[in-house]
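Subject: Structure for your review

Dear colleague,

Please find the structure and its sequence below, handed over for your own work. My findings are set out after it.

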Amino acid sequence: MRMPNALHPSSSFPTKPKRTFPLSRIRLYWRFAVPLLTPLAILLAWEWLTSRAVYPAFIIPPPADVARAFIQAVSDGTLPSALWVTLNQVMIGLTLGGLLGLCLGYILGRLPVVESLAAPLIVAFQSTPVVAYAPLLLIWFGSGPTSKIFTCAVIVFFPLLMNTLVGIRQIPASLKDVFRVLRATWWQTLTRLELPSALPVILTGLKTSATLSVIGAVVGEFVSAGDGLGTLVTSARYQYNTPLVYVGIFSMTALALSLYLSVSLLERGLLRWQRAAH
Amino acid sequence: MTSRLRWIAGLILLLSLTLAVNAQTPKERFLLTFVPNIQFAPMYVAIEQGYFSDAGYDVALEYLNEPDVIDLVGAGQVHFGVASGEQVIIANANGRPVNVVYNWYQQYPIGLVASVESGITSMNDLKGKKIGVPGRFGASYTGLIALLDSARLTESDVQIVEIGFNAPEAFCTGQVDAAAVYSNNEPLQISTRAKAGDCGDVSDVTVIPVAEAGAFVSNGLIANADFIQTSPDKVQAFVAAFDHGLKDTINNPARAYLLSASSIKDLPLAPDFKARLTKLADEQNVLLASTPPPTRDDITASRAALRETLHKDFDATTLLQFNVLLNTIEMWDADVPGTSNLDAWENMANTLTAMGLLKTKVNLDRIYTNEFVPQPPASHS
């Protein structure tokens with residue numbers, strides 16, 4: 001018969017294992033809680049500011065008014081409809097502008113001569129604010145969604161172009177030499193060396209482009225109206241419905257943030273091999 | 001003292017001097033809409049002629065979107081601005097304490113511009129047509145609905161296209177059959193382009209003014225309601241200065257155009273045109289100084305003669321902005337400029353209610369006042 005061990009009483013009296021709260025879990029909670037602290041602080045400051053009536057309610061409405069306007073806009077379908085229109089424009093613009101930036105960035109990265117030829121034009125085009133030529137897009141493409149999609153595509157194009165170019169250029173020459181010595185085909189070089197090497201930088205560009213894409217679509221909506229979140233804000237301004245203006249702005253922010261997070265998740269998935277290697 | 005300390009002391013001195021200079025000249029911000037334009041000539045005239053400085057105001061003009069004008073005036077950050085009547089009604093219904101103290105436009109300036117090729121000659125021809133508006137907001141949209149309503153049509157009887165503030169481009173590229181615009185301005189631009197062959201298939205335009213559908217309150221000088229209560233003398237002085245500028249513009253458009261040139265950078269003013277306007281402005285001054293003084297009809301006739309004279313010697317492009325001014329003056333001119341009437345406010349409020357833009361009842365009597373409108377001297381006949 002096994003004797004109880006005086007030094008280890010628990011071994012003789014089987015009790016429910018003591019529940020511990022591992023440090024890693026606290027860290028996990030903290031990691032999720034920290035990003036919420038800033039919005040919470042802003043919300044509290046906002047509530048404090050409106051309760052003191054520092055500004056009239058039509059300049060800074062109380063959070064409760066904005067919440068009511070949000071519920072109203074959701075229940076009568078105004079917000080979902082506007083969000084859907086802007087999201088569509090953003091997704092199409094992001095895809096078109098992104099693909100063009102990716103392809104052109106790759107070509108410029110591979111062929112410095114082409115970069116010398118195209119760079120002045122691209123930089124000139126990019127350095128012109130979109131709002132300056134957005135009214136022209138209305139003449140070229142009409143007042144439909146095409147002008148907004150184009151604005152969006154233009155604004156997302158440059159970050160992806162630049163990041164792809166940098167990503168391709170930063171591949172170590174020694175690795176390129178290895179592929180050359182092994183007589184790798186263009187496709188093999190692209191899929192096994194260039195894309196994997198440039199992907200982290202390209203995805204960083206995609207993150208920037210994703211957030212900018214909302215600005216592109218909304219600028220188009222501000223210029224030529226129609227539908228979408230930009231139009232919702234304009235209409236609300238002319239109806240002097242400040243809480244609805246806030247709802248529109250927060251929706252734009254939420255949309256941009258969602259796109260950013262989606263790309264971040266995509267990045268986590270695509271770059272799993274990189275983390276494993278480290 | 002080290003050289004660094006000397007630099008810092010110098011910078012502080014410079015900053016103090018700058019602040020002192022600024023402190024000596026407090027500016028009265030006056031908010032206008034969109035961009036500098038000849039349609040704001042009375043303001044430019046009042047500034048250039050020193051009417052505001054005589055009234056104790058050093059005016060600084062700013063150009064903003066209409067809702068921003070109303071919000072800043074409503075919040076008391078700025079005392080005066082310009083806004084359209086329907087915006088003032090909606091803004092008051094949504095808690096903005098702004099009142100119209102001077103009804104600048106006596107006629108509603110919005111109209112429907114259509115190409116002669118479209119076959120639109122009256123409100124009854126609008127059914128099924130594509131009509132452009134900047135968006136479903138603002139004076140143009142409200143004016144269009146009022147026009148449709150008078151023809152017993154609704155929004156669903158026409159195809160409304162939202163074209164932003166790009167009516168001439170949308171019109172000339174055939175995106176719309178007609179567009180709701182400021183009838184004193186855009187139709188002239190489109191017509192000039194059309195006659196120059198620069199407006200697609202359009203050879204000329206026709207205009208259907210919203211004013212044909214009834215009297216609607218239009219653009220006026222707005223002031224913060226609390227400021228009106230606490231400083232009526234200052235409001236009175238400001239309005240009187242503006243009124244003086246407006247009457248000068250009505251009486252002598254050539255002089256007003258010349259005076260506006262310093263505020264509008266790209267105003268057409270070639271040397272020969274400037275010389276001619278200067279001569280005509282001097283001649284008009286002689287007429288105004290004559291005894292007995294010219295009547296309102298005499299002055300209206302003198303403006304018509306002025307238009308005719310200039311048309312003989314200058315092309316349409318040179319005269320475009322001057323013609324905009326002449327057209328706009330007709331919308332300001334009245335026996336007593338600046339006066340509001342309740343009917344026009346009620347018509348507008350009814351239209352807004354029918355459109356669903358006005359959901360609460362607004363006490364229209366408290367939105368505007370004629371208290372500050374300078375009255376003509378009593379006749380002693």
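The notes that follow go from the confidence of the model to the chains, their contact and some local details.

Confidence

Please bear in mind that this is a predicted model. For the complex, the predictor reports a pTM of 0.81 and an ipTM of 0.77. In chain B the mean pLDDT is 90, with 95% of the residues at 70 or more.

Chain A: overall form

Chain A contains 12 helices and zero strands. The pattern along its sequence accordingly reads α-α-α-α-α-α-α-α-α-α-α-α. The radius of gyration of chain A is 26 Å, whereas a compact globule of 278 residues would have one near 19 Å. The C-alpha trace of chain A spans about 95 × 70 × 30 Å along its principal axes. As for burial, 34% of the 278 residues of chain A count as buried. Among the contacts in chain A with a separation of 6 or more, 77% are between residues 24 or more positions apart.

The chain is divided into two parts: domain 1 of chain A covers 21-54, and domain 2 of chain A covers 63-277. Taken over C-alpha atoms, the centres of these two domains of chain A are separated by 29 Å.

Chain B: domains

In chain B, the division is into domain 1 (110-213) and domain 2 (246-332). The centres of these domains of chain B, again over C-alpha atoms, are separated by 28 Å. The contact between them involves six residues of domain 1 of chain B and eight residues of domain 2 of chain B. On the domain 1 side of that contact, the classes are one nonpolar, four polar and one charged residues.

Contact between the chains

Chain A contributes 21 residues to the contact between the chains, and chain B contributes 24. Which elements of chain B each supply at least two residues of the side that touches chain A? They are helix H4 (66-74), helix H5 (85-93), strand S7 (159-162) and helix H7 (167-172) of chain B. H4(B) gives the most to this side, with three residues. By class, the side of chain B that touches chain A has 10 nonpolar, nine polar and five charged residues.

Local details in chain A

Helix H6 of chain A comprises residues 130-141, and A:Ala134, A:Leu137 and A:Leu138 in this helix are buried. These three residues lie on the same side of H6(A), because they cover an arc of only 100 degrees around the axis. A:Ala132 and A:Trp140, on the other side of H6(A), are exposed. After H6(A) comes A:Gly142, which has a positive phi, near 85 degrees.

Is A:Thr231 buried or exposed? With 24 other C-beta atoms within 10 Å, A:Thr231 is buried, because the cut-off for a buried residue is 20 or more. The C-alpha atom of A:Thr231 is separated by 9.8 Å from that of A:Val219, and the two residues are 12 residues apart along the chain.

Yours sincerely

Methods: Residues numbered from 1 in each chain as written. Chains lettered and ligands numbered in written order. Predicted model: local features only at pLDDT ≥ 70, side-chain atom pairs only at ≥ 80, totals over all residues. Helix = DSSP H or I, 4+ residues; strand = E, 2+ residues; numbered from the N terminus. Rg over C-alpha atoms; globule rule 2.2 N^0.38 Å. Buried ≥ 20, exposed ≤ 12 C-beta atoms within 10 Å, placed from the backbone. Contact = placed C-beta atoms within 7 Å. Domains from an automatic or database assignment. Nonpolar A, V, L, I, M, F, W, Y, C, P; charged D, E, K, R; others polar. pLDDT = per-residue confidence, 0-100. Arc of directions from axis to C-beta.
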